Amino acid sequence: MRRERSGLAAIVPLLWLAIFFAFPFLLVAKLSLSDTALAMPPYAPRIDWSQGLAGVRAFLAALDGETYARLTQDRLYLDAYLSSLRLAAIGTALLLLIGYPIAYGISRCPDGVRRALVMAVVLPFWTSFLIRIYAWIAILKPAGLLNTVLGAVGLPAINILNTEAAVILGLVYAYLPFMVLPLYAVLDRQDESLIEAAQDLGCTPVSAFWRVTFPLSLRGAAAGALLCFIPMAGEFVIPDLLGGSETLMLGKVIWTEFFANRDWPAASAVAIVLLATLTVPIVLFEREQRKVVG
């Protein structure tokens with residue numbers, strides 16, 4: 001009876017994944033194997049249902065990997081791919097450096113203060129993501145708040161907007177809660193008696209942190225890194241608004257190919273390559289999780 005109930009309970013998430021992940025993925029995969037065409041929609045081949053199975057066979061026979069071969073021949077795609085991974089890696093590293101002390105400090109506060117600080121971390125989600133990024137434009141532009149403050153204290157103005165530095169700043173700002181919350185969840189559940197035992201055995205507070213607290217929090221750090229790195233690698237809004245035309249990231253390339261160049265096969269192929277790349281750290285993380293549980 002329990003197995004029947006568990007099977008019924010699994011139907012809803014499986015249907016959700018089939019409708020909102022499997023079907024869109026198959027559609028994008030099919031588009032990536034198509035060719036650009038001056039038509040509407042702007043790709044070929046398409047299934048001719050009037051021919052029945054013969055039309056399906058002709059459609060499958062016409063699919064090819066020419067678009068993927070084209071990606072390897074154009075330096076733009078490789079540069080955007082490497083730039084996306086580099087900026088996402090830099091952003092993730094900075095998030096770990098900033099988010100870990102925040103999460104650790106929150107987990108060591110009294111209960112009332114702790115709840116207020118967690119609410120402060122979540123509070124930015126109550127505001128539109130787009131509005132928050134536009135606010136950074138007002139701060140970083142040449143006549144913005146940042147240069148106004150620098151001028152008031154006698155420092156020279158700096159030009160950050162439309163640079164990679166602005167993109168990294170925006171990424172760190174936007175995704176900081178996704179790093180802090182998993183780390184806080186792990187640090188908050190740690191048994192403080194382990195720290196006391198380590199200190200009783202001669203460890204200093206610093207040594208006890210590196211020998212006990214930090215190793216036990218690595219699962220939270222890995223989860224936070226995945227939650228940040230994966231969406232940052234495909235980010236579009238932040239590099240488009242803060243990075244300008246000189247910043248190359250795959251999210252901008254996909255948007256340009258879809259809406260400006262009308263090259264749906266190329267955009268779909270880029271999306272598939274990005275998805276395949278991001279699947280690797282997810283699989284590795286799941287494997288490590290199974291080892292820990294086992």
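**Loops, core, pocket and aromatic cluster**

P45 sits in the loop that runs between β2 and α2 (53-62). Helices (H or I, at least four residues) and strands (E, at least two) are DSSP runs here, numbered from the N terminus. The model is a predicted one, with local features needing pLDDT of at least 70 and side-chain atom pairs counting only at pLDDT 80 or more, while totals for chains, interfaces and linings use all residues. Residues are numbered from 1 along each chain as its sequence is written, and side-chain values use heavy atoms, with hydrogens and water left out.

Back to the loops. The peptide bond leading from A44 into P45 is cis, and its omega is near 10°. Another cis bond links M40 to P41, this one with omega near 0°. P41 belongs to the loop between β1 (35-36) and β2 (43-44).

Positive phi values turn up as well. N162, a residue other than glycine, has phi near 65°, and its place is in the loop between α7 (145-152) and α8. Accessibility is sorted into buried (under 20% relative accessible area), exposed (over 50%) and partly exposed in between, using a 1.4 Å probe and protein chains only. N162 counts as partly exposed because its relative accessibility is 42%. R262, also not a glycine, has a positive phi near 55° and lies in the loop between α13 and α14. With a relative accessibility of 33%, R262 is likewise partly exposed.

Now for the interior. A nonpolar core is taken as a set of buried Ala, Val, Leu, Ile, Met, Phe, Trp, Tyr and Cys residues joined through side-chain atoms within 4.5 Å. The largest such core has 48 residues, and L95, Y175, M232, I238 and L242 are the ones with the most contacts inside it. Two or more residues each come from α4 (75-107), α6 (129-140), α8 (164-188), α11 (218-233), α12 (237-243), α13 (250-260) and α14 (264-293). The largest share belongs to α8, which gives 12 residues.

M232 is part of helix α11 and is buried because its relative accessibility is 0%. Contact means heavy atoms within 4.5 Å. Once residues up to four places away in sequence are set aside, M232 touches A88, G91, T92, L95, L171, Y175 and M249.

Neighbours up to four places away in sequence aside, Y175 is in contact with L95, C228, P231, M232, E235 and I238. The C-alpha atoms of Y175 and L96 are 11 Å apart, although 79 residues separate this pair along the chain.

Helix α8 also holds L181, which counts as partly exposed because its relative accessible area is 29%. Its contacts, beyond the neighbours within four places in sequence, are V118, V121 and V122. L181 and A103 are 78 residues apart along the chain, yet their C-alpha atoms are separated by 7.2 Å.

On to open space. At least two lining residues come from each of α1 (2-32) and α14. By class, the lining has 11 nonpolar residues, with no polar and no charged ones. Here Ala, Val, Leu, Ile, Met, Phe, Trp, Tyr, Cys and Pro count as nonpolar, Asp, Glu, Lys and Arg as charged, and the others, Gly among them, as polar.

Finally, the aromatics. Rings of Phe, Tyr and Trp (its six-membered ring) pair if their centres lie within 6.5 Å; planes under 30 degrees apart are stacked, over 60 edge-to-face, and the rest tilted. The structure holds 16 aromatic pairs. One of them joins F258 and W264 in a tilted arrangement, 5.8 Å centre to centre with 55° between the planes. F258 is partly exposed because its relative accessibility is 23%. One aromatic cluster is made up of Y43, F236, W255, F258, F259 and W264.
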